Amino acid sequence: VVRKARDAGVVIYGVGYLERAADAPSLQSLRRLARDTGGPFVSAILPDKTLPEDFTSDFYRFLGTGGRIVFDAPTTGTPGSNLAYTITAQTSSTSNPRISGTAEVAFVAGPMEDPIGWLQRQYEENQIIVIAAGAAALLLLLALILLIVRGVRRRKDQPVPAPGAAINDEPAKKRLVLAWLEMVDNGERIAIDETTVRIGRHSDNDIRLEEDAEQSTVHRRHATIHVTPDREFIITDLSGEDGNGVFVNSERIARRALNDGDLIELGLVKLRFQVADI
């Protein structure tokens, strides 16, 4: 009952009539209904079962706990003025005569203003504020456009890697270089500064070899080079038996230790292995 009353916006006003004082506990449920919905509760006074003296004079106190009264108000009156309405409530029972109470509730009267007319009036009354707000919004828009244009120019100014060029996505770090891979076709040198380096076409590799997508001979994950504690450089083929394979000095290998000056072929990409001077 409480949930449905709350959903409907109903406040329960509890009025309890006792036959005898021992019946008071039986009114607890009615008292809780009133309390949980924001309404008051009054109990008749024994032995004549009269209601409290302030029952009628304070009948509308439930408005202060969330209750409401809904009625059609007349449209007469000066716009913007306060109109006082007198509301009369009446109750009746078989044991008590009909009682009534009144309360005065103030409402603001006046027709609703046309939204366009309201905006026009606000502009006329606050022209300086409106113009200043418009100028600030325009400056903010121009700043945003400038940031976007600068970002586009910055991306255009970045060099585009040539087909077959190696791309190392990691930022430059001051690390000990263990060896070098030199691109045979353009002389570009790629540092090996990790104990395990993954090589392939996919962006998650440590060294990414980029080719024409339609004629790519480098696999997404083509090979790894692992450096042992004894500073041996072991290259391992990840392309599989049916892949393009890994060739060292024109010989296809599955796994092999590299020597300084070895020629590595991954598809059509050729790399010269060079041990760094430490």
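**Exercise 1. Find the partner that Asp206 meets in a salt bridge, and work out how open the two residues are.**

Step 1: Look around the side chain of Asp206, and you'll land on Arg198, at 3.4 Å from N to O. That passes the salt-bridge test (a side-chain nitrogen of Lys or Arg within 4 Å of a carboxyl oxygen of Asp or Glu).

Step 2: Check the accessibility. Asp206 has 22% and Arg198 has 39%, so each counts as partly exposed. The scale runs like this: buried is under 20% relative accessible area, exposed is over 50%, and partly exposed is in between (1.4 Å probe, protein chains only).

A word on the model: it is predicted, so local features need pLDDT of at least 70 and side-chain atom pairs count only at pLDDT 80 or more, while totals for chains, interfaces and linings use all residues. Residues are numbered from 1 along each chain as its sequence is written, and side-chain values use heavy atoms, with hydrogens and water left out.

**Exercise 2. Asp237 has no salt bridge; which side chain of opposite charge is nearest, and what does Asp237 touch?**

Step 1: Strands here are DSSP runs (E, at least two residues), numbered from the N terminus.

Step 2: Asp237 is buried, and the nearest side chain of opposite charge is Arg252, 4.0 Å away. For charge, Lys and Arg count as positive and Asp and Glu as negative, with His and the chain ends not counted.

Step 3: Now try Ser239. Its side chain makes a polar contact with that of Asp237 at 2.7 Å.

Step 4: Skip the neighbours within four places in sequence, and Asp237 is in contact with residues including His222, Gly245 and Ile253. Contact means heavy atoms within 4.5 Å.

**Exercise 3. Is Ser250 buried or exposed, and where does it sit?**

Step 1: Ser250 is in the loop between strand 12 (246-248) and strand 13 (251-253).

Step 2: Its relative accessibility is 59%, so Ser250 is exposed.

Terms used:
A polar contact is a pair of N or O atoms within 3.5 Å; within protein, one must be able to donate a hydrogen and the other to accept it, and residues adjacent in sequence count only if both atoms are side-chain atoms. Helices (H or I, at least four residues) and strands (E, at least two) are DSSP runs, numbered from the N terminus.
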